[in-house]
Amino acid sequence: MILIVLAFHSVLPYLASLPPAAYPFDSEPYLWLAFPIVDSQRWFGFDLFCAWQDVVLMTLMFFLSGLFVPSSLARKGSWKFLSDRLLRIGLPMALAIIFLAPLAYYAAYRTTATDPSPKAYWQHWLALPFWPCGPQWFLGMLLIFNALAAATHGFVRGWGQFLVRLAAFASGNPVRFLVVLVVISALAYVPLVLAFSPFAWVNIGPISFQSSRPLHYLVYFLAGVAVGTCGLDRGLLDRDGVLARRWPAWLSAAFAGFLLWAVPTSVTMADWGNASLFAKLAAGMGFVVACAAGCLCSLAICLRFAHWRLRAFDSLSANAYRMYLIHYVFAVWLQYALLGNDLFAIGKAAIVFGGTLIMSWSIAAAVGGAPPVSRLNATMRGARRA
């Protein structure tokens, strides 16, 4: 997952669909938040890759995040669970937003600024009506969802039994699970996308989210919680189960779902407000189908083929969270450094991805071995065993 996140952020400046010039720093809707650097070199293949990840990646991350909640709540109880989440998610998120986000977006400011000095940048930064958070928006939403899970576990009787029944109903049959996901996420997503469009973002202080997607992501987080009640090696996640065995069918379903979303979205993207209601509904329903099919396809392929271990991947796994927190600075500044270079888009993206991977992995590993972080990690491991 972290490799896909790094690849996604590495190729953003090279999308063929971007405008010819960078987005102005001081003007709404502040699209430099999503595209800090806009390069003249483009490749349409990156548009397809990013479109697919926009549909599947974040949805799958919320689902995977929910998988580990039931066992953690059962061991710790609501208050201990929530305090640990505040330490593990809230504190790093706050530090990244305060220190790393301004550092990363300084490169975006320099592409359009008349005065590129740090002093002028800081003045423009403080004049913004919000505090940009960068990729850490995911952690903000995840922290809210964990708080909801803790509150429900503590105050709603029968919560655990309900999850067990829900998981038993859906997890043993992937097609039924797909149908349940599509129906519930459609109820959560389609009304909001009709009201706000699929492209609008809300920025409140250091919190950001897409207007149409909070409930959709909550559905997948809770779906992960439900599946996690069965354990991580049975039901839907059984590596010898129906989902894993029929991975070619799920790959086909994911491709069909992507087309079901991409075709109406391409019609509505230029002018969502004036698009027909039918086209909007088709794009909204296509999105929820593509999300469900894409997530199940990703799970099926990993369950079927990812049975081996590499020492390097163990290190990547151990450092993935820290890499997520710091990688954006390296990605954006490497993209900025390559502006004006005539190297083709694929070459630039490869340099950005490779450099971001090496630097973020190295620093994450070094920071993880530092005494304060090592003691914190040991404390967290002890808390998980308790």
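The structure is a predicted model, in which local features need pLDDT of at least 70, side-chain atom pairs count only at pLDDT 80 or more, and totals for chains, interfaces and linings use all residues. Residues are numbered from 1 along each chain as its sequence is written, and side-chain values use heavy atoms, with hydrogens and water left out. Helices (H or I, at least four residues) and strands (E, at least two) are DSSP runs, numbered from the N terminus.

**Helix packing**

- Helix 1 (residues 2-11) packs with helix 13 (residues 345-368) at an angle of about 135°, and their axes are 9 Å apart. Axes are lines fitted to C-alpha atoms, for helices over the stretch in contact, and angles run from 0 to 180 degrees between N-to-C directions.
- That angle makes helix 1 oblique to helix 13. Angles under 35 degrees count as roughly parallel, over 145 as roughly antiparallel, 65 to 115 as roughly perpendicular, and the rest as oblique.
- The crossing of helix 1 and helix 13 is right-handed. A crossing is right-handed if the near helix is turned clockwise from the far one by less than a right angle, and left-handed if anticlockwise.
- Helix 1 contributes Leu3, Leu6, Ala7, Ser10 and Val11 to this contact, while helix 13 contributes Ala349, Val352, Phe353, Thr356, Leu357 and Ser360. Contact means heavy atoms within 4.5 Å.
- The contact of helix 1 with helix 13 has 8 nonpolar, 3 polar and no charged residues. Ala, Val, Leu, Ile, Met, Phe, Trp, Tyr, Cys and Pro count as nonpolar, Asp, Glu, Lys and Arg as charged, and the others, Gly among them, as polar.
- Helix 12 (residues 311-337) also packs with helix 13, at an angle of about 125° and with axes 6 Å apart. Helix 12 and helix 13 are therefore oblique to each other.
- The crossing of helix 12 and helix 13 is right-handed, and the residues of their contact comprise 16 nonpolar, 8 polar and 1 charged.

**Salt bridges**

- The whole structure holds 5 salt bridges, each defined as a side-chain nitrogen of Lys or Arg within 4 Å of a carboxyl oxygen of Asp or Glu.
- One of them joins the side chains of Asp54 and Arg213 at 2.9 Å, N to O. The pair links distant parts of the chain, 159 residues apart: Asp54 lies in helix 2 (residues 44-67), and Arg213 in the loop between strand 2 (207-210) and helix 8 (214-228).
- Asp54 is partly exposed at 29% relative accessibility, whereas Arg213 is buried at 3%. Buried means under 20% relative accessible area, exposed over 50%, and partly exposed in between (1.4 Å probe, protein chains only).
- Lys76, Lys80 and Asp84 form a network of salt bridges. Asp84 meets Lys76 at 3.0 Å and Lys80 at 3.4 Å, N to O.
- Lys80 and Asp84 are separated by about one helical turn, because they are 4 residues apart in helix 3 (residues 69-110).

**Backbone geometry**

- Most residues other than glycine have a negative phi, and most peptide bonds are trans.
- The peptide bond from Glu28 to Pro29 is cis, with omega near 5°; Pro29 is found in the loop between helix 1 and helix 2.
- Tyr30, also in the loop between helix 1 and helix 2, has a positive phi of about 55° and is buried at 10% relative accessible area.
- Ser197 has a positive phi of about 80°. Ser197 lies in the loop between helix 7 (174-196) and strand 1 (201-204) and is buried at 11%.
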